[in-house]
Every structure is written in structure tokens, then in C-alpha cells.
Amino acid sequence: MASPRRPATHAPTRRRASVLDAQPRQSLATTNLVGAAGERIGVRKTYKLYIGGAFPRTESGRAYEIRDAQGRLLANACRGTRKDIREAVRVARKAFPGWAARTAYNRSQILYRIAELMEGRRDQFVAEVMAAEGVGRRRATRLVNAAIDRWVWYAGWADKFSQTLGTVNQVAGSYFNFSVPEPTGVVGVIAPEESSLLGLVSRLAPVIVSGNCAVVIASETRPLPAVTLTEVLATSDVPGGVVNLITGLRRELVSHLAAHMDVNALDAYGLDPAEAASAEDSATENVKRFVRPPAGGEGSVDWLSPRAQSPYLIAEFLETKTVWHPIGS
């Protein structure tokens, strides 16, 4: 008699390993890195743009990696676009009448407030300049101190440049003739690439002290000190839209800023001299005031030198209005 047939048994189905399963397992990290086999994974920040006093993400949703002088990953930064440039110029134009109408004394107070807040975050700025530029603590401290002092220096010029750069002209007639400097409007600033903080402050402070508004393209490889500076600006009574900062790749941004028809002046000091020619060609479309980079490039500039600050840098972004008025009326 045949034995009863046993039900067929099937070997259990083995789940296919995923790529995550193939990675070596590590114990959970601890915040103090004590007692754990694996190192804690740092929370990498993605720095945003600064437009209109707020910190929006780029409309493209893209970002790029920021690394220190030794190639180690520091953070991510938004990769700005042409649309971000347009939005920054729009809010700068909107903010210009109110900022230009402020009294010189009030603008001086606001610039001094920037210096006060930077002083309180000095250690953070020193650490970021060290990482970005690959310099020692002593050098970074000198650079940060000079950046803070430069805000104070230009704050003192807020109510003095008009008398220095303006004049009463002698005319052959019974008239008073005054030449009065006025802000030119919206200024595009291409920040120096190598000097991540001091170079930026040296070019930005003379732009806004007279009542201009600025749209800044930050250093492409060293933007973190500039972004930290915008966090200071956001809490230092600077009205929204007076300073706007875009991070990203310069090849995608400079041409759009240079060609924008609502930008009145372009500071190309941070460009390589070989790249400045095309930016200048674009700037001629609406006869922008154009500031060329130094002939020897940024490497020829000593940002710690007293020559890096001057009332004549303020004059680069001013227009002169001449007024005639009859004597005795």
C-alpha cells in the first residue's frame, strides 16, 4: 500500500539585499562622540539667498557644495539663477527711494549697528574666514577686525562725503551754483573671490553709505562669511532690499546682472580682468556706470591697507547734480 503523500514543502523565500543592507553597520552616534564606534554625522546646512530682508531658497531648488581650503565639505549653498537676480533687482529698486531719503545721520547709525553685531559674532566670523581662506587664526582675526572697523569708518563718512565731494562753483553771473552728489540707484556688486569677508565689506560699505541699494554676487568658492554677514544685516536695522545677496556659479549670474536694464552701476572689482570685458559690453546697453577690476587682478590688492578705504570709493557710485539759484531771491 502506497504511503500517503506528504504535502510539498517550499524553502522560505530569501529577501534580496538592498544597497543599504550591504553597507557596514555602525552603532548609533552620540552627540559627544564618546562611547560610540561610529562618528556622528554632522548636520550640513544649506545656506539660502538673501533677498528683500528674507532668506528664500533659489527658485531652481539647486544647491552646490562648499568646501574649505583643504577640500573638506563645509555646507551647501543655493545655486542662484537669472530669476533670482531679477527678483533681487526688483526689491532693491523698491527699497531705493526710502533708503536714499534717510538722513545721513540715520544711515551712519545703521552702518555702526552692523559693526556692533559683527563684533558680537567675531568668533564665528574668524572660524569661517579660517576655513574659507586657509589662513591661521591670527591672520583671520586681523581680517575680521579690519572688516568691522571698515563699517565704522564708512559710518563716519555718511554725513561728510557730500561736503567733500560736492562744491560751490564760481560762475560769471548773479547766481549760486551748487554741485551736489546723489546716489546713483541700484548697484550690482561682484564680490571679490579670494577675500571672502574683508574684500566684500570694502566694496559694499561705500555703495550703501550714500543711499544706494546693492545686489551682490557672493564669492563662488568662499561664500559662507558673506552669508553670515547677511544674517547680521537682517538684524541690524538695514531695511529689507537695501542689500541682497545671491550665491551660485558666476558663469550663470554675472552676465544677467551686467545686462539688467534696471541696474544703474556695476562694480566688477571682483572679476578677473580677462572676464571683465564681456561684462562691460553688457553694461553698455543702458550706459551703466562701470567700475573695472584692478589691472593686476585681486591678488594685487592689499585689503588691509588704508588705501582699501577711501571717500573716493563712495564717489564711484554717485551722480552729481548741479543746481543754479539766483542770488537775492
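Predicted model: local features only at pLDDT ≥ 70, side-chain atom pairs only at ≥ 80, totals over all residues.
**Notebook: core, cysteines and a helix pair**

I started with the largest nonpolar core: it has 90 residues, and Met-118, Trp-151 and Ile-208 have the most contacts inside it. (A nonpolar core here is a set of buried Ala, Val, Leu, Ile, Met, Phe, Trp, Tyr and Cys residues joined through side-chain atoms within 4.5 Å; buried means under 20% relative accessible area, with a 1.4 Å probe and protein chains only.) Helix α4 (residues 137-157) gives the most to this core, ten residues. (Helices are DSSP runs of H or I, at least four residues, numbered from the N terminus.)

Residues are numbered from 1 along each chain as its sequence is written, and side-chain values use heavy atoms, leaving out hydrogens and water.

Next I looked up Met-118. Skipping neighbours within four places in sequence, I found Met-118 in contact (heavy atoms within 4.5 Å) with Phe-125, Ala-147, Ile-148, Trp-151, Leu-197, Leu-229 and Val-232.

Then the cysteines. I searched the whole structure for disulfides (cysteine sulfur pairs within 2.5 Å) and got zero. Cys-78 is buried at 3% relative accessible area, and Cys-213 is buried too, at 0%.

Last, the helix pair. The axes (lines fitted to C-alpha atoms over the stretch in contact, angles from 0 to 180 degrees between N-to-C directions) of α3 (residues 122-133) and α4 come within 9 Å and cross at roughly 120 degrees. I logged α3 as oblique to α4. From α3, the contact includes Phe-125 and Met-130; from α4, it includes Ala-140 and Val-144.

Definitions and conventions
Buried < 20%, exposed > 50% of the residue type's maximum accessible area, 1.4 Å probe, protein only. Helix = DSSP H or I, 4+ residues; strand = E, 2+ residues; numbered from the N terminus. Parallel < 35°, antiparallel > 145°, perpendicular 65-115°, else oblique.
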